[in-house]
Amino acid sequence: MSVTISGANELYKNIDKIAQWSVKDSAALQKIGERVGGVYANYLKANIKDLDKDTSLRGRKIKKGQLRRSSGTWQPKKDSNTILAGPRTKNIGRRGKTTKYADGFYAHIVEKGDFAERFGGKHRTQNTGIFEQGKKATKSRSEKLQFILLKREFANYAKTL
């Protein structure tokens with residue numbers, strides 16, 4: 001007894017088209033990533049408290065509100081759908097759209113202090129730990145939003161097959 005499947009070629013073609021979703025619908029997936037990353041970036045902008053005056057660090061001027069202004073989303077590689085969120089900087093690879101007074105190059109110092117506690121560092125600011133708190137506070141909301149948006153976008157993509 002033999003079994004014959006009709007329409008298998010059509011099924012394989014549709015499976016191949018579904019597998020190409022991340023390539024064919026790249027712009028839509030990047031927009032979803034920006035919206036999801038925007039949840040964390042908005043949290044940072046709302047909760048980072050500005051210094052009361054301008055200061056400098058290692059010869060670089062830090063303006064009042066610079067860390068808050070540096071919070072946002074960006075795409076590390078232009079040929080990828082990956083979108084990151086947090087304080088933006090030009091220090092990594094000297095690229096990006098960060099302006100001179102919206103560069104968060106010192107965010108790691110604000111988060112963890114000026115040097116490790118094992119070396120005697122106890123420097124804390126009003127913003128110490130804000131990035132870790134923000135990740136915890138926005139994680140579930142971001143994941144739910146991402147799931148909803150990806151589900152909706154995949155449904156739209158699947159209709160065009």
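Contact here means heavy atoms within 4.5 Å. The model is a predicted one, in which local features need pLDDT of at least 70 and side-chain atom pairs count only at pLDDT 80 or more, while totals for chains, interfaces and linings use all residues. Residues are numbered from 1 along each chain as its sequence is written, and side-chain values use heavy atoms, with hydrogens and water left out.

View 1. Helices (H or I, at least four residues) and strands (E, at least two) are DSSP runs, numbered from the N terminus. Among contacts in the protein with a separation of 6 or more, 57% join residues 24 or more positions apart. Of the 161 residues, 32% count as buried; buried means under 20% relative accessible area, exposed over 50%, and partly exposed in between, with a 1.4 Å probe and protein chains only. The protein exposes about 11,700 Å², and carbon and sulfur atoms supply 53% of it. These areas come from the Shrake-Rupley method with a 1.4 Å probe; for residues, only the protein chains shown count as cover.

**View 2. The largest nonpolar core, built from eight residues.** Here you can pick out Y40, Y43, L44, I48, L67, A107, I130 and F131. A nonpolar core is a set of buried Ala, Val, Leu, Ile, Met, Phe, Trp, Tyr and Cys residues joined through side-chain atoms within 4.5 Å. Both α3 (26–47) and α6 (130–159) supply at least two residues of this core, and the largest share, three residues, comes from α3. Another core, of six residues, lies apart from this one and includes W21, L29, V36 and L149.

**View 3. Y43 and its contacts.** Once neighbours within four places in sequence are set aside, Y43 is in contact with I130, Q133, G134, A137 and T138.

**View 4. The packing of α3 and α6.** The two helix axes are 9 Å apart, at an angle of about 155 degrees. Because angles over 145 degrees count as roughly antiparallel (under 35 roughly parallel, 65 to 115 roughly perpendicular, the rest oblique), α3 is roughly antiparallel to α6. Axes are lines fitted to C-alpha atoms, for helices over the stretch in contact, and angles run from 0 to 180 degrees between N-to-C directions.

**View 5. T128 in the loop between α5 (107–112) and α6.** Look for T128 as a buried residue, with a relative accessible area of 12%. T128 and A107 are 21 residues apart in sequence and 9.5 Å apart in space, C-alpha to C-alpha.
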